[in-house]
Amino acid sequence: MTQSRDIFQAIADPTRRQIIGMLARKSLNVNTIAKEFDMTRQAVSLHVQFLNDCGLVIIRQQGRERYCEAKLERLNEVADWVDQYRKFWDNKLDSLESYLAKIQKKKK
């Protein structure tokens, strides 16, 4: 399966983030997910399909029900992207700390 949607689009929406959180705890059917939101089942189903297109959710048919399971490995892409900026700011803050320590020594 090729992912046709960007992982960042998936986590940009608060509803989809909440769905991801729900599914990270346990597999749920679409009706159970929909009960948690003040929107139509169809709207929730579209969010779930979006997450499926991104590769964050697997949808499996079990009888008449569609069960959704989290597949969160793709969130590593987000973590890697954020990590590069965390390292950047850690280096900047370390430099600032060194500079401030040097200034404090000069004042004494």
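Of the 108 residues of the chain, 27% count as buried, where buried means under 20% relative accessible area, exposed over 50%, and partly exposed in between (1.4 Å probe, protein chains only). This is a predicted model, in which local features need pLDDT of at least 70 and side-chain atom pairs count only at pLDDT 80 or more, while totals for chains, interfaces and linings use all residues. Residues are numbered from 1 along each chain as its sequence is written, and side-chain values use heavy atoms, with hydrogens and water left out.

**Overall form**

- The chain has five helices and three strands; helices (H or I, at least four residues) and strands (E, at least two) are DSSP runs, numbered from the N terminus.
- Read from the N terminus, the order of elements is α-α-β-α-α-β-β-α.
- The radius of gyration is 21 Å, whereas a compact globule of 108 residues would have a value near 13 Å; the radius is taken over C-alpha atoms, and the globule rule is 2.2 Å times the number of residues to the power 0.38.
- Along the principal axes, the C-alpha atoms fill a box of roughly 75 × 30 × 20 Å.
- Carbon and sulfur atoms account for 51% of the accessible surface of the chain, which comes to about 7900 Å²; accessible areas come from the Shrake-Rupley method with a 1.4 Å probe, and for residues only the protein chains shown count as cover.

**Contacts across the sequence**

- Among contacts (heavy atoms within 4.5 Å) between residues at least 6 apart in sequence, 53% join residues at least 24 apart.
- Thr15 lies in helix 2 (residues 14–25) and is buried, with a relative accessible area of 15%.
- Leaving aside residues up to four places away in sequence, Thr15 touches Phe37, Met39 and His47.
- Thr15 and His47 are 32 residues apart in sequence, and their C-alpha atoms are 7.7 Å apart in space.

**Cysteines**

- The count of disulfides is zero, a disulfide being a pair of cysteine sulfur atoms within 2.5 Å.
- The sulfur of Cys54 has its closest cysteine sulfur in Cys68, 14 Å away, which is too far for a bond.
- Cys54 is buried at a relative accessible area of 0%, and Cys68 is likewise buried, at 0%.

- The whole structure holds six salt bridges, each defined as a side-chain nitrogen of Lys or Arg within 4 Å of a carboxyl oxygen of Asp or Glu.
- Asp83, Arg86, Lys87 and Asp90 are linked in a network of such bridges.
- Arg86 pairs with Asp83 at 2.6 Å, N to O; these two residues are three apart in helix 5, about one helical turn.
- Lys87 also pairs with Asp83, at 3.3 Å, N to O, and these residues of helix 5 are four apart, about one turn.
- Asp90 and Arg86 form a salt bridge at 2.7 Å, N to O, again four residues apart in helix 5.

**Nonpolar surface patch**

- Phe8, Trp81, Val82, Tyr85, Phe88 and Trp89 form a nonpolar patch on the surface, with about 610 Å² of accessible area together.
- Patches are made of residues with over 30% relative accessible area and no salt bridge, with like charges joined within 9 Å and nonpolar side chains (Val, Leu, Ile, Met, Phe, Trp, Tyr) within 5 Å.
- Helix 5 (residues 75–107) supplies the largest share of the patch, five residues.
- Val82 is found in helix 5 and is partly exposed, with a relative accessible area of 42%.
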